[in-house]
Amino acid sequence: MFCGITPEPETSAQNPDEVTVHDLKKALADPKLGIKVIDVREPDEYQIAHIDGVPLVPLSTLAQRFTELDPNQQYYIHCKSGVRSMKALKFLREQGFKYLKNVKGGISAWADEIDPHVPKY
């Protein structure tokens with residue numbers, strides 16, 4: 001009945017494990033939210049483009065390094081476009097992590113929607 005209202009809930013209902021880059025921006029801007037962010041891209045990609053203050057934990061090393069992370073901490077996970085971060089989310093869930101969100105669109109969406117100074121590759 002209300003035009004334009006239905007699509008947004010359908011999108012969020014499709015994948016409750018995802019947040020937008022706008023949600024990511026809020027999490028980074030407000031430490032009181034208690035959300036930590038990790039980047040699961042590779043070091044060469046991180047050198048090209050990254051978000052200041054976001055630590056790198058490459059997906060290729062996550063199986064060896066996940067014990068460095070707190071399983072009770074809330075994390076937003078991002079990569080280039082959202083594929084590897086979703087793999088990281090699924091892996092961490094299998095290790096008992098509960099509070100995880102994948103950043104839809106990754107750093108590419110960040111460059112498009114939040115900070116056009118971040119290089120795209």
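Predicted model: local features only at pLDDT ≥ 70, side-chain atom pairs only at ≥ 80, totals over all residues.
Residues are numbered from 1 along each chain as its sequence is written. Local features need pLDDT of at least 70, side-chain atom pairs count only at pLDDT 80 or more, totals for chains, interfaces and linings use all residues, and side-chain values use heavy atoms, leaving out hydrogens and water.

Let's start with α5, residues 83–94 (helices are DSSP runs of H or I with at least four residues, strands runs of E with at least two, numbered from the N terminus). Its 12 residues reach 17 Å from first C-alpha to last, close to the 16 Å expected at 1.5 Å a residue (1.5 Å times one less than the number of residues). S85, M86, A88, L89 and L92 are buried (under 20% relative accessible area; exposed is over 50%, partly exposed in between, with a 1.4 Å probe and protein chains only). These residues cover an arc of only 155 degrees around the axis, so they sit on the same side of α5 (the arc uses directions from the helix axis to the C-beta atoms). The face turned away from that buried side carries exposed V83, K87, K90 and E94.

Now for the rings: there are 2 aromatic pairs (Phe, Tyr or six-membered Trp ring centres within 6.5 Å; planes under 30 degrees apart are stacked, over 60 edge-to-face, the rest tilted). F66 and F91 are edge-to-face, because their centres are 5.5 Å apart and their planes at 80 degrees. F66 lies in the loop between α4 and β3 and F91 in α5, so this pair ties together parts 25 residues apart in sequence. Y75 and F97 form a tilted pair, 6.3 Å centre to centre with 55 degrees between planes.
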